[in-house]
Every structure is written in C-alpha cells, then in structure tokens.
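Please read this briefing alongside the sequence and the coordinates shown below. The points are grouped by topic, so that each part can be checked against the structure in turn.

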Amino acid sequence: MKSGGAISIWFFVGISLAVNGALICATGLYELVYPPQYRVVLYWLHANVWWGALLLVAGLVYCFHFAPSKVARRNAQSS
Amino acid sequence: MNLATVLLAGPRLVHLSLVDWIIIVFYFVLVLAIGLYLKERSNTGEDFFLAGREMTAWIAGLSFLSANLGALELMGWAAATYQYGILATHWYWIGAIPAMLFLGLVMMPFYYISKTHSVPGYLQLRFGESSRGLAAISFAFMTVLMSGINMYSMALVMKVILGWDIHFSIWVSSITVAVYVTLGGLRSAIFNEVLQFILIWAGALLVPIMGLIDAGGWGGLKERVAQNASPAYMHLWGTLGSFSANPMGIHWTGIVFGLGAIISFGYWTTDFLVVQRVLSAHNLRAAKMAPIIGAAFKMFVPFIVILPGLLGLAVLPFKLTGEAAAVATGGQSYNEVLPLMLARYCGPGLLGLGITALIAGFMSGMAGNVSAFSTVWTYDIYRAFIKKDASDRQYVLMGRWCTVLGVLISIGTAYLVMQFLSIMDYVQALFSFFIAPLFGTVLLGMLWKRASPAGGFWGLLAGTLSSIGMWAWVKVDPTALRYVALSPDARDMAENMYRALWSCLVCVLVTVVVSYATKPKPEAELAGLVYGATEIPSEDDVPYYQRPWFWAVIVAAVFVVLNIIFW
C-alpha cells in the first residue's frame, strides 16, 4: 500500500477505533452493573455497550489486516 | 490561577468523566505520534508539500473530503439547519456533488498532467506570473481567515461544552496542529485527516440514530418539525419557488446558478485546500477517482450534520436563538445545537468520543488550511517573487516556518472573527470574493485555447473587485440588495449566492473581451494545460468497474434520487 510509510494509515485508524471502542464498551458494561445517578435520554438502550463493541471489533479487524508485518509481506509479494 | 481553574473558567453544558478525558487525551497523543513518525519522510519539497505524490485514491479521496469537514461543516451547518431547515442540505448535494465529479472527470487531468504543485502554480503555467501572484495572495489571505474561523469555532465548542477558557482552547489546538504539520508536512496532514474522518463518523453517527429513535422515526421527526417550526423546514426544493416561501429567503435560481454552478464549482475545483489533497495521488486514475470517492461520502455527511440540526428542532425542550440573543438572555444559540444533541444522548465514553469527533473536525480543517497556506506561500510567493534560487532543503525549511507563521496569523484572525456574529454568512462572503472569479479563470484556462495571459489576469482581477464592490455597495446601502440579489426579500446567504454568480460572469466576460484584444499563447506552450492541446491517457485497457466514469455515473444517479426523495 502506497500510503507513506512502513506503518499504514489504516493501522493507526485500527488502533484508534479499538482503544476507543474498548474504553466505551467497558464503561457501558460498568454502567450496567452500577447504573449512574444521572442518565442520558434513551439510557435504557445502553448505546455505549453495543456502539463500543462495534468500534472495538472494527478496530481489531483493521489492526489485524493492516499490521505492519502483514503489509510488509504483501508489499514484498507484489514487488 | 492553576490549570484546572483556567480550563473550567465558565459555565459548561456537560461534565466529562475520566473515561471521556482519556479518549480526548489519547486522540491528541495519537495525532502527535503520527506527526513524529512521519517526520523522517518529509525531507524533500515533493514529500513535504505533496506527500511524495504516492497516495492511493481512497486516502486522497477521504483526505479531500476531511479537509473540508472542519468547524463549519459540523457546528455551522447543524446550526444553519436549525435556523433554515433541510435547505442547508443543498450545500452538501447540489453545492458539492456535481462540482466534485466535474473536478475528477474534467479538470483533474490538467492539474495532474501539468505536474503543478498548486492552483496558483497552474495559473502561472497557463496565464503567467501576474495571475499566479494575484491568485496566490488572495488564496493566502482567504486561507488564514478560514483557519481563524475554524479556531474560533473550536474554542467556542470547548467553552460551551466543557467550560474551557476560549483563549486556552485556541492555543492548545493550534499548537497541536502546528506541531504535526510542521513535522510531517502534507503527508502528516493527510494521515491525520483520514484518521479524523473515521473518528468523526464514529463519534457523530450515534446522534442521528438515537435522535430518530427519540423522535419516533422519520415520520415523527417531520411531524414535530412542522409543529415546532414549519412544514417548509422539511422541503429541499418545494419551497424555492419564491423568496418569501422558505426560511432562507432564497429562490431556486440562486441555489442552482449561484451555489450549484458557481460557488460549489469554485470551491471544490479551485480551492487549493482541497485540490492539494488530490494532487498527492500516485497516478492520474487515482487522482480522478479521489474526488469521486469524496463525492460518494459527501452525499451521506448530512446524516451526521443536517439530521442532528433537524432533530434539535424536533426534540429539544427549549428554543435556540441567534448568538446575540443568546448572549443577551443567557440562553443557548443555534451554534450549540450539535453539542446539545451530543449531551442529550451520549453518556460517559460516548461523550468523549463525540467531543473528540468535533475536535478532530476542527483540527482537520485547520491543518488543511495551514498546509495549503504553507505550500502557496513557499512556492507561489516566496520562490516566485522573493528568492528564486534557493535549494530544495531551504524551501522545505521555509515551508516548516510558514506552517508556524500560518498558525500564528490564524490565531490573530480567530480573535478578529470573535467580533462577527454570523460566522457562516461571513465565510460565504469570502468565498464569493475570491473563489467564484477564480473558477471562471481556471475553467476558461483549461477549456479555451484562445484565453490569453492578459485576459486571464484582468478577468480574475475584475471578478474579484466586482465581488468586493457589490458587497460594499449592499453594506453602505442595504436597498441595493434588490439589484444584487434580485429581490429586497433576499437574505444574506441569497445575496452571497448571487454575488458569486455576478462576479464569475464579470470575470468570464472580461477574460473573453481582453483575450480577443490581446495575443494568445502559442499552441505548443499549451500542451498539458488546455483541452484540445493535451493528450489524456486512454483508459481502454482498464475494466469498466475501475473507470472513474463508471463510478461518477453511479454517484450522480444516487444524487438525483436523493434530491427527488427529499423534494
């Protein structure tokens, strides 16, 4: 991938999504156990649990697919 | 006064939890880390100013869109939607999609084949130094003003949502942008713009999803908007038959000819801030595909910007007002609709991500302005008029210093912008001063061999001056609106649309007249610059599904269908 360096931009994107997703999902799970005193509108949907999980999975997929070692191997095969 | 006191100097909309702060700090650490990582790959002029011309169509396309997805897009258009209704969507659809497709299919080959490093650089090749100088100086002026607007908007968000001191916010955000763009140049700006694009969607998409559930679906939203505002707020075209029938006070001719044909084409095809991203593509086909990819995503940005504005009208239990009224009454202004919606639905963690999305949007816009300013200053002003024989290394050094200088000037501009009440109208006025005439000049330059260097320069100058003249005329004598905008009922945005149209027509007229009266360039010198004198590589050997035309037709079809659905 010609995106400017040994580490692909998509790997950085993956890290960002995975870390944010993990933090948000963990917070949502914590709130399930210890419900907060002040709740947002539609709290009962627990958006932070499923949205965080979604981001975490997407981030892990990107991290895995665009891991520097994998990208280097693909580049070596194509050249 | 300690740091905590400075940060929490005023009243705030929301209280961030520890996890929100971790997400925000992590974002700042990541963008700085990217800048640091790319520092070693930004040593030559080609690397620093054009990212080595090695970006894929996807990266160039997302960066092309993200550079525009700044403060005005997120906060400003959500606010404009609350004020004017779904009409604001025109700035995303007819005000962007046709122009982006036109850039990819028609104009990109000339920009790319000419190997220019900037839009003023193209004007130098086509019309000579005087046109380049005029375009470069006006662009540099406009871009730092835009950057200042971005900064001010960001600081305003920080103040409203987090209670941060406005001056502290301006300095923190601008120093961060200065560091990562100075270190890694355009490549760093592009990397961060792609990251910011993803974060914007990740952080902002939840608001319309939750909002639609809250409002009872699309039907419930329409019903509530009709109750709280007017049914006219939900029509894209149906109310544009007369100036007084819609909240914006605009006629469909202003939207189609002013916005759709002039302002959007001017912005998306000649504003170097966005064109620079596409010039970084690794080949011509990628350069043609990048704006088409950008257009495809652009069509769906209203989902995270326009829809929250409409939902604000539908579900917020209080009325938002203009900035002046909000300050006077202690209430909340239109500009706060997006943060208010975030605070309504997003709990700990999600709120941090939403705030990060806003910060990311602001920073991508600011970085875009600063990196474009740095390139135009270094190549089109410093190298062209001040020091022609410096080494490549010296120009890169100048580019790095210019990034810092651009940020400092932007900070000064941000303080100036605080004096203006309506941010959006101010920016529209700026567009019509410089961008609309520039579009006329570049378009004639690319499509008409007879356009002469003198014609290009005088047309551009006349168009710019006529635009400033019309603006000043209405300021001095408000009744002049009936002539400039064709109706005394027209409002600021409508005036800007028509002023852009007239200034572009003045530019084209003067260019044509002067060109016929002066000597054109020999055809041999027009190779690579003008239609009919440039050999554009054939795409016959490429499968149809990889051709830019194929995807442009699909995007255009979706664009038409969306306009019909929301008529």
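This is a predicted model: local features need pLDDT of at least 70, side-chain atom pairs count only at pLDDT 80 or more; totals for chains, interfaces and linings use all residues.

**Confidence**

- In chain B the mean pLDDT is 86, and 94% of the residues reach 70 or more.
- Among the elements of chain B, the lowest mean pLDDT, 45, belongs to helix H1 (residues 3-7) of chain B, and the highest, 95, to helix H24 (residues 548-565) of chain B.
- Residues 1-9 of chain B have a pLDDT below 50, and this stretch has nine contacts in the model beyond near neighbours in sequence.

**Chain A**

- Read from the N terminus, the elements of chain A follow the order α-α-α.
- Chain A is more spread out than a compact globule, because its radius of gyration is 17 Å, well over the 12 Å that the globule rule gives for 79 residues.
- Along the principal axes, the C-alpha atoms of chain A fill a box of roughly 60 × 20 × 15 Å.
- Of the 79 residues in chain A, 38% are buried.
- When contacts in chain A between residues at least 6 apart in sequence are considered, 80% join residues at least 24 apart.

**Chain B**

- The radius of gyration of chain B is 23 Å, which agrees with the value near 24 Å that a compact globule of 567 residues would have.
- The C-alpha trace of chain B spans about 65 × 55 × 55 Å along its principal axes.
- Buried residues account for 60% of the 567 residues in chain B.
- Of the contacts in chain B between residues at least 6 apart in sequence, 84% join residues at least 24 apart.

**Contact between the chains**

- The contact draws 27 residues from chain A and 35 residues from chain B.
- On the side of chain A that touches chain B, helix H1 (9-33) and helix H2 (47-65) of chain A each supply at least two residues, and the largest share, twelve residues, comes from H1(A).
- By residue type, the side of chain A that touches chain B divides into 16 nonpolar, nine polar and two charged residues.

**Nonpolar core**

- The largest nonpolar core holds 224 residues, among which B:Val194 and B:Ala290 touch the most other members; H8(B) gives the most to this core, with 20 residues.
- Leaving aside neighbours within four places in sequence, B:Ala290 is in contact with B:Ala57, B:Ala60, B:Gly61, B:Phe64, B:Val278 and B:Ala281.

- Helix H7 (residues 119-127) of chain B is mostly covered, with eight of its nine residues buried; among them are B:Tyr122, B:Leu123, B:Arg126 and B:Phe127.
- Just after H7(B), B:Gly128 takes a positive phi of about 110°.
- B:Met154 lies in helix H8 (residues 129-162) of chain B, and B:Met154 counts as buried because it has 28 C-beta neighbours inside 10 Å, where the cut-off is 20 or more.
- Although B:Met154 and B:Gly361 are 207 residues apart in sequence, their C-alpha atoms are 9.0 Å apart in space.

Conventions: Residues are numbered from 1 along each chain as its sequence is written. Chains are lettered from A and ligands numbered from 1 in the order in which they are written. A residue is buried if 20 or more other C-beta atoms lie within 10 Å of its own, exposed if 12 or fewer, and partly exposed in between; C-beta atoms are placed from the backbone. Helices (H or I, at least four residues) and strands (E, at least two) are DSSP runs, numbered from the N terminus. Two residues are in contact if their C-beta atoms, placed from the backbone, lie within 7 Å. Ala, Val, Leu, Ile, Met, Phe, Trp, Tyr, Cys and Pro count as nonpolar, Asp, Glu, Lys and Arg as charged, and the others, Gly among them, as polar. A nonpolar core is a set of buried Ala, Val, Leu, Ile, Met, Phe, Trp, Tyr and Cys residues joined through C-beta atoms within 7 Å. The radius of gyration is taken over C-alpha atoms; the globule rule is 2.2 Å times the number of residues to the power 0.38. pLDDT is the predictor's confidence in each residue, from 0 to 100.
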